[in-house]
Amino acid sequence: MKEEIEYFERLSALFLSKNEKEIIKRDIEEIFRAFEFLSSLKIEKPVSLHAVEIKNVLREDKVKKNKDAVDFLKKSRLYKDRYILGPKTVLEE
Amino acid sequence: MKDIIEFAKAKNRKYNHFITIKEIRGKKGSLSGYYFSLKDSLCVKGVRTTAGSRILENYVPPFSSTVFEKLINSGAAFIGKTNMDEFGFGSFGINSAFGPSRNPIDPERVTGGSSSGAGGSTKLLEKYPYFSIGESTGGSIANPAAFCSVYSITPTYGLVSRWGLISYADSLDKIGVLANDPLLVFKVLEIISGADGKDPTCIRKFRIRKEKVSKVGVLTNTFEFCTEKIKNYLERKIEEISESFKVDFIEFKFLEHALWSYYIIATSEASTNLARYCGLIFGKTENPKAKSFLEYFSEIRGKYFGLETKRRIIIGTIVRSKGFRNKYYLKAQMVRRLVIEEYKKLFKRYDVLLSPVMPIIPPKIKDASKIRPIDTYRMDILTVPPNLACIPHFTLPVRKYSSLLVMADHFQENKILGFLERLGEIDDSWS
Amino acid sequence: MIVGLEIHLQLNTKTKLFCSCPNDPTAPPNTNICPICLGLPGSRPSLNRKALIYGIACALLLKCKLNRKIFFSRKAYFYPDLPKNFQITQYEVPLGYEGIFKGIRIKRVHLEEDPAKLVYPKSMKESEYCLIDYNRSGIPLVEIVTYPDFKNAEEIKKFLKSLLRDLSFIGIFDPTKNSWRADANVSLEKGYRVEIKNLGSIPSLIKAITFEIARQKMLKRRGIKIHRETRIWDEKEGKTIAVRRKEMEEEYGYILEPDLPFFEIKDELIRKAKILLKALPENRIKRILENYGIKEKLAESIVYNKLESAFQLTQRILKDPNLSAIIVGNYLAKSLNYLKKDWKEIDKNEYIKAIKALKEKKITFRLFKEVIKDICSGKGFTLKEKKIDVDSLIDNFIKSHPELIEKMRKDRKVINYIVGEILKLCDYRVDPKLIIKKIEERIRTHN
């Protein structure tokens, strides 16, 4: 997994400095060794969303406008001519 | 009102419990006369909310958390936002982008985390009618409460609306109360609990009710993690408890299981929750022009996230990615179910369970940063299991830095109250 | 060819999937937004009951089995159109599965949220930045995934046209407001699948698939390997272009969505969805046939052309279902389609006048057909109340065509010819039977 840290950096859109990469690589080794305890268990249990049963909470299809959010966006630093300015969407190769 | 604000301001330079101090008066209600603070992961409209992170250093939300509104509507007055480990990632309070908080009992020592300012300020402001609202994912209320010797409740998941809570891990985050009066803790919980139509996982309301409690289970193996001193203080308290209750000594078999299951689930959820911090609509931004989105996002996040945050994002991304997901994420979910079932078995026999809260006394601030991440995670060995299972738990201060953890089954907060009352910790004239 | 489709359709709910913002893609940019669809810290989603019912209706339309317990998942990837940089969707457990529609097997049907809209100053490739409009963020989508059962372009056309028509009929998709897009998975027998993304109309879908099949065939002939890849359709160039993909783009790191409960698809929800299905063309056609016993082809025309209210109106006046069906299902439908008009735009008063005139035999059926065309094009109908002197018309005609009198007595066909000429003279406003009667009278009296 050591050589793959760059892969996970990209996957999590996170820039790590050389120093940070060193530290985190080392920490991850230790931590995943601890995780092995879990992954080596042979158990089969159902997976549930929550520790207590939470189900069927639905919302009515009724319009509620939100002026505060519209104003908030207008005050955003990257708000330009009714839109939010974003970066290039094509990845460089 | 002025008095408490002035005092808090005066002490803040040294203790750093508050990221923002601001006065907002409450309306009239049952909590009139009380003051409160919110952990800085709880939004207040128009008030800076940072979650302890530089990336939100100047973020001012356009809406308030339900907890804030409920407290203001019940008469309590707001005095500010408390310091915390960045996004909740920490057990000592040293991971805040705004500096560590100091323990009022010994300012060289940590307050604990991640609700570091909540724990610290509750102790520091103990002569005022004051309580603080904290948040716990793996123990972040109980931990600072124990280190600062105050009472606290981390309620059952599903009692308090998380609308306006900046997420760490949504299946684990719970909002709770810290105070110097055990009954006040439950009174506030009553007020902040209940469905609000904005958080579909908040499904019930808590109401104080008398509950008879007689059977107590003491988790003996949990004491083995503690230092001798803590063990001794707590064991003496257990003896005292044995005089009023039927006490059994039992083992909780899945502590280690719970700890790693927690870190896998929590980091996997956190890594998705933190993906939104990318320099567009809110938080720190730069100039996105001419940069590809991956480059722009990575730069901003790399620049403004702390190291522990980056660490947890990477771990969380790994455990849910192809090739690892079954082995880690799904396995951890199964183990979680195992832990819950174990608690359910025990609560069939016992009204409450007892254990220590923290295995050590709060370290000195300068020493805390030297502790390796894996060892820091191990500090949570006793608080994580009840948090993973989402059962309610209460911290009962026994001696300086030594507190007892009182746990009950889901939605059985009144059993904890009943236990405290019978023990004499609460004046029974409250009903 | 082996083609499978993945279709995303916006649902016609009033609010978005997870928040109460208006579901209106036509609004000015960034006006239908709130903390939830902006992904502001501290916000969390809340599922729209109506969207769930619409999703169930779609699954039932496609004859899918329903999963009675569903939950949502987070599909995590970074992109400027995704406010949270994850999309809430259904991964492990779809709403519906294993269905069939127009002979094509349906793999799954599920709900998910639409991302925001990106606008570019130039082409996507050339632009140094993008502009983000969050109105679309969070609009409910139903995703339909088919098995690769399509064998030709006709099947694809029929499938999509029927799907859009039926969804529109049951009210869960409004073609004037909601949009759809499809990804096509195209391969040759025993070949790798190539995915063509984001096709937004049936013609471009057909063109893209046709091009891609030809492209793959040519590569195969040349012995060149066909890669598993993603392509987009360039309408201007008329070809599919590879979009360079890294392996990680398939890496979504799905986790369960812990901010939402799980949902039991109870009988009550299914019942509500079935009520919507009553509006399906096939159900409406059945009802008309049961109530009126008209010809099936006419019933189909009436329903598909949304002329049921026109039919009811006509029938109320004429009290003759077969005639009403012919008028509405045949002539009215033809005129409206030809003029590209909707029944809603037609002046009902003029129409009623015309029907009444027909009923009272004030105009012939042939004239009526012309009148319908006039009404549809907005010209209206004025019954020229000119009194026609049939007798003088006939007498004048006979006077100017004396040679026909002799022929008339011997050959009936001549009478028909005269009738036709008289009709022309009076603008077809006289009943031909009346003209024949008067001619025969003259033949008799002449004798």
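**Stop 1: helix H11 of chain B**

Select these buried residues of H11(B): Tyr328(B), Tyr329(B), Lys331(B), Ala332(B), Gln333(B), Val335(B), Arg336(B), Val339(B), Ile340(B), Tyr343(B) and Phe347(B). This is a predicted model, so keep that in mind on the whole tour.

Now show what covers them. The cover includes helix H2 (18-39) of chain A. From chain B it includes H8, H10 and helix H14 (384-389). Strand S15 (255-256) of chain C is also part of it.

Why look at spacing along a helix? An α-helix has 3.6 residues a turn, so residues three or four places apart point the same way.

Next, check the length of H11(B). It has 24 residues, and at 1.5 Å a residue it should span 34 Å. Its end C-alpha atoms are 34 Å apart, which agrees. Then centre on Ala332(B). Here H11(B) bends by about 25°.

**Stop 2: where chain B touches chain A**

Color chains A and B separately. In this contact, 57 residues of chain B meet 48 residues of chain A. Which helices of chain B each supply at least two residues to this side? Select helix H8 (255-273), helix H9 (293-304), helix H10 (307-319), helix H11 (326-349) and helix H13 (373-378). H11(B) gives the most, with eleven residues. Color this side of chain B by class: 33 residues are nonpolar, 15 are polar and nine are charged.

**Stop 3: where chain C touches chain B**

Move to chain C. Here 27 residues of chain C are in contact with 37 residues of chain B. On the chain C side, select helix H1 (35-38) and strand S4 (73-76), which each supply at least two residues. The chain C side has 16 nonpolar, five polar and six charged residues.

**Stop 4**

Find the open sheet of four strands, in the order S1(A)-S2(A)-S9(C)-S8(C), with antiparallel pairing. Which strands lie at the edges? They are strand S1 (79-80) of chain A and strand S8 (117-119) of chain C, and each pairs on one side only.

Zoom in on the join between the chains. Strand S2 (83-86) of chain A and strand S9 (130-133) of chain C are antiparallel and share three bridges. Click Ile84(A): its bridge partner in S9(C) is Ile132(C).

**Stop 5: a covered strand in chain B**

Select strand S6 (174-179) of chain B. Six of its six residues are buried. In a regular strand the side chains alternate between the two faces of the sheet. On one side of S6(B), find Lys174(B), Gly176(B) and Leu178(B). On the other, find Ile175(B), Val177(B) and Ala179(B). Both faces are covered.

Strand S4 (130-136) of chain B pairs with S6(B) in the antiparallel sense over six bridges. Ser136(B) has Lys174(B) as its bridge partner. Strand S5 (151-154) of chain B also runs antiparallel to S6(B), joined by three bridges. There, Ile153(B) is partnered with Val177(B).

**Stop 6**

Color chain C by domain: domain 1 (2-178 + 246-271), domain 2 (280-376) and domain 3 (390-446). The centres of domain 1 and domain 2, taken over C-alpha atoms, are separated by 38 Å.

Finish on Ile435(C), in helix H15 (432-446) of chain C. Is Ile435(C) buried or exposed? Ile435(C) is buried, because 21 other C-beta atoms lie within 10 Å and 20 or more is the cut-off. Beyond its neighbours within four places in sequence, Ile435(C) contacts Val390(C), Ile394(C), Val419(C), Ile422(C) and Val430(C). Last, select Ile375(C): from Ile435(C), it is 60 residues away in sequence and 28 Å away in space, C-alpha to C-alpha.

Technical notes
Residues are numbered from 1 along each chain as its sequence is written. Chains are lettered from A and ligands numbered from 1 in the order in which they are written. This is a predicted model: local features need pLDDT of at least 70, side-chain atom pairs count only at pLDDT 80 or more; totals for chains, interfaces and linings use all residues. Two residues are in contact if their C-beta atoms, placed from the backbone, lie within 7 Å. Ala, Val, Leu, Ile, Met, Phe, Trp, Tyr, Cys and Pro count as nonpolar, Asp, Glu, Lys and Arg as charged, and the others, Gly among them, as polar. Two strands pair if DSSP finds at least two bridges between them. A residue is buried if 20 or more other C-beta atoms lie within 10 Å of its own, exposed if 12 or fewer, and partly exposed in between; C-beta atoms are placed from the backbone. Domain bounds come from an automatic or database domain assignment. The expected span of a helix is 1.5 Å times one less than its number of residues. The bend at a residue is the angle between axes fitted to the seven residues ending there and the seven starting there.
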